[in-house]
Amino acid sequence: MQQSSQQAGVPGDAVTTPGIPTENDFIKLNTPLLESTGFNTDILLAPLPMAGANSQPVDLREYSMGTYVRLNVSLSRAVARFDVVNDAVKSHFTITDISMGNGRQGVTLFPIRPIGDVPATADQLITYPYRPFDGLNANAGTTTKAFYCYPCKAMDEGYLILKGLYAVNLTDEKKEVSYRIPFERVSDGNGTRIEINHNHRYTVQITEADPFEVKANIRLVDWETGDYIDDYEPDNGLDAIIVSDMTPAETNYDANTNIVTLGLTAGSICGFTVATGSNAGVETKLTYYGGSPQTGWLKLEEIPVTATRAGGTQQVKYKVSFNEDYTGDSYPRGILRLIDKAGGSEEVILIDATFDIPVVEATGGTMNPDGINNWDAAENTLYLVQATGTKVSTGVITVKSIGGSKIELPVGSDITVSPASSINTTQEYTFKWASTGVTDLAEKELVVTLKNNSDETKIENVKVKLLPNRISNLQLTNQGAGISLSNITTTTATLTMPIIKDRQFTITMDSYNKPVVSKCPTWLENITPPTTRNTPESKTASFTFKLIENATNFDDTQIVFTNTSASGGMGMTVNITREFQIPAISAISMDPTINSYISGSKSLNLYQLKSSYYSTATLKVYSLGGSKLQLPSGVEANLTSANAKEQNYIIKYKTSNLATTDVRGGTLYVKNLSDEEKNQPILVTFKSSVPTVTSNRDGQGITYNRTASDVDIYVDGAWGTSGETGFVFTFTSPAGLQFTNISNTSASNVTQISTGSQSGSVGSIKNVFTLSFKSSATFTNNPNLYYYNFTTKDARFPDYMIDLYMRMPVFRGKTSYKDNNTNRYWIFLETTTKNFDQIKDSDIQSSYPGWRLPTKEEWMSFVGKTIPVDDGWYGFPSTSNVFNTLIPSDHWVKCATNNPNYRLDIDRPNNRWGIDINTYDNSSERRIYLISK
């Protein structure tokens, strides 16, 4: 608009030009009108229409404000919002669509009010198009923003329309239903219509539904500040509802739906508390869906509260719990209304029962026969033993279940139960098993179903075991290795039992009539500890047996168990299959001590002795069931069998024919006398006791030929035997040897024996002896020198002799040198000062029989090169194998031949040689070497 104060001389409060648009223009503004036809095509969705106005006057005459004015305007929503709380599991109603009947088509915006007359004409009210109910948590709690509508007047008699599916039980077929929820407040059965205001949100809480109607509670709060439906002052309403102290653990509260699910568990405190407040006081009402039973399953108690809220609000607290005195069989939904006494506003808490599984008390009732039939709470099992004749086997259990209980027996169970069901929280049930004379009855386990009578999904299974009146379920426990139980029938079984020291086993059996051992083998000891049975007695009995090692025999083969009950019953015979063992063998003593028994290889070594002596071994045989020997040829024993568990056997061996090598003595079998197939074979070896001989020149010219009484030693010409004054012989024998004498004088004239060291241990003693040539010994005739006698240090072992065969010359107590080039023996005779013409071969052969001077040709072969034809010096050729020994490398010698006109001049230091003819150099060493004939 334009003010007059802007023109000179015109009062400032006059309007000279109206503003555009005018107020009348604003009043005409309204929302688009909804059409009632179609589905989901003309519904209210965000963004939502809003309007606002400045409610304070604005002074436009103040020029200091300038050309523009800034105003704060608060906008209000032109629609109302509905939130829906529904749990389809509990209400049995699944909402699919939502609409509104007798609704307005739109609103004016300045101010916000329904379009149409008051009261409206029939054509001014419509049914809103259906909107799908598919928001978050749809049918599973609180669904916000489920539906929007324009405000309507109370006299419009508006209502919500809920379409969906309904089923009494979750397993039933669902039927399509449609419910109307009128906008009204009901108090004491009287209803008052209410209007739907814009900018408010309404919570529709579904409490119950059936095929014909749905029960709901409507709350509203301002969309910003929150309030109740009648727009009371804040202090005139109910305080916040607080639900707490919920027991047992299954009890829970959903604040969004205001539903308490109360867990009903027998033996537990089942309840919760509700607290609120109001300045005018709170009225409570506890009712039930479907009416109010005279004695309800819930109990409501007020709990005194002394504290008050500031401003005089009266606080209240109530306890809602299960009514222990309730004897009915129905548990409808409880409805607790908390009503403000002044304004009549109310809060509703819905109480649903959730039932627990039935529980069987730990202690059973009357049992017949008492002490045998039994309720085992730990195993959750009722045991009923077979009855015969006119008797009946019975057992009583006590079931606790709020909501009642019922029992379902499996088909063909052969038992009955009385009663079959009960509405009582605590109920005794009697199970009966009629008599039967079947003798081979097998144990039978039945699974019996206990159900909560008010909620058959709450199930507990218990077992009923029908037990035959006999010994059964024979089992082996704590058994030693190799013990087993087999071929079990109703009256017999087979026990396989290794006959081994300290072996024991436990046989367990099921029998509600206490069994005893009426027969037991003498070689088994019943070591079952004494026990005192409790009442009712356990069905399982145990018997422990231990093998008696010192039993006289192991002949008995039966254990018999007898049922001692007056009602009789079959016994059990256990037939024993004995498994005798292979005897265990150990060495006690050996004579001589070098005899041995080797347990690892199961072998026995007996040394060969002189014919008048036994070689023995004492063996201890351990064998439960006795022992027996099967001896190989040539072996004797002090006895061949024994019944005792342990027996010492003396194994003996004698021979008149000593062998130079070990002799296989066959196999000695040590058998179990009770089962000869269980035997231990022992390999017997007759160990040679004939000494063995070695020398310091084995493989270098000395060889042997051993017999049982002596050893032939052959000394042949070889590099190893050349130039030796004697030889060292080592005897290895079981007991050791000592030298006694030389039998033949021809041998004692040229040789002698000296005793050396002894080493080793019994069984392998080494004695060293040196056979030396006397310094005068000279021969070329290959003599046989005998006998060199050695005596054993243990008279039981053989003595021994050396028979020596010399196959090479000996000169002056030293063996000659065998030259391979001339194939003759050479020796160094002497260094001489004689002239060479004085050295004659005939004199040599006369003085030294078998020896002579070598020819120049033999020297040529000995040196290995043709002798020079003149007396010049020539390089030294390769020499024979003994040359370097006979002519040392630092010598310059002249050597004689059998021709006095020829001398060999050998200069070793200068590695040269030549022939010396008729020349004598007195400074040179003159040597005489001989060669064998």
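A salt bridge is a side-chain nitrogen of Lys or Arg within 4 Å of a carboxyl oxygen of Asp or Glu. The model is predicted, so local features need pLDDT of at least 70 and side-chain atom pairs count only at pLDDT 80 or more, whereas totals for chains, interfaces and linings use all residues. Residues are numbered from 1 along each chain as its sequence is written, and side-chain values use heavy atoms, with hydrogens and water left out.

**Salt bridges**

- Side chains of opposite charge can pair when their charged atoms come close.
- By the rule above, the count comes to 24 salt bridges.
- D662 and K687 form a salt bridge, with their closest N and O atoms 2.9 Å apart. Because D662 lies in the loop between β55 and β56 (663–672) and K687 in strand β57 (residues 675–687), the pair ties together parts that are 25 residues apart in sequence. Helices (H or I, at least four residues) and strands (E, at least two) are DSSP runs, numbered from the N terminus.
- D662 counts as partly exposed at 40% relative accessibility, and K687 counts as partly exposed at 21%. Here buried means under 20% relative accessible area, exposed over 50%, and partly exposed in between (1.4 Å probe, protein chains only).
- A salt bridge also joins the side chains of E408 and K451 (3.1 Å, N to O). E408 lies in strand β33 and K451 in strand β37 (residues 444–452), so this pair ties together parts that are 43 residues apart in sequence.
- E408 is partly exposed, with a relative accessible area of 32%, whereas K451 counts as buried at 14% relative accessibility.
- E408 and K451 belong, with K406 and E456, to a network of salt bridges.

**The surroundings of D414**

- D414 is placed in the loop between β33 (405–408) and β34 (415–418), and its relative accessibility of 54% makes it exposed.
- Leaving aside residues up to four places away in sequence, D414 touches K432, W433, A434 and K444; contact means heavy atoms within 4.5 Å.

**Helix α5**

- Which residues of helix α5 (residues 856–863) are buried? They are E858, W859, F862 and V863.
- These residues cover an arc of only 135 degrees around the axis, which puts them on the same side of α5. The arc is that of the directions from the helix axis to the C-beta atoms.
- G864 follows α5 and has a positive phi, near 100 degrees.
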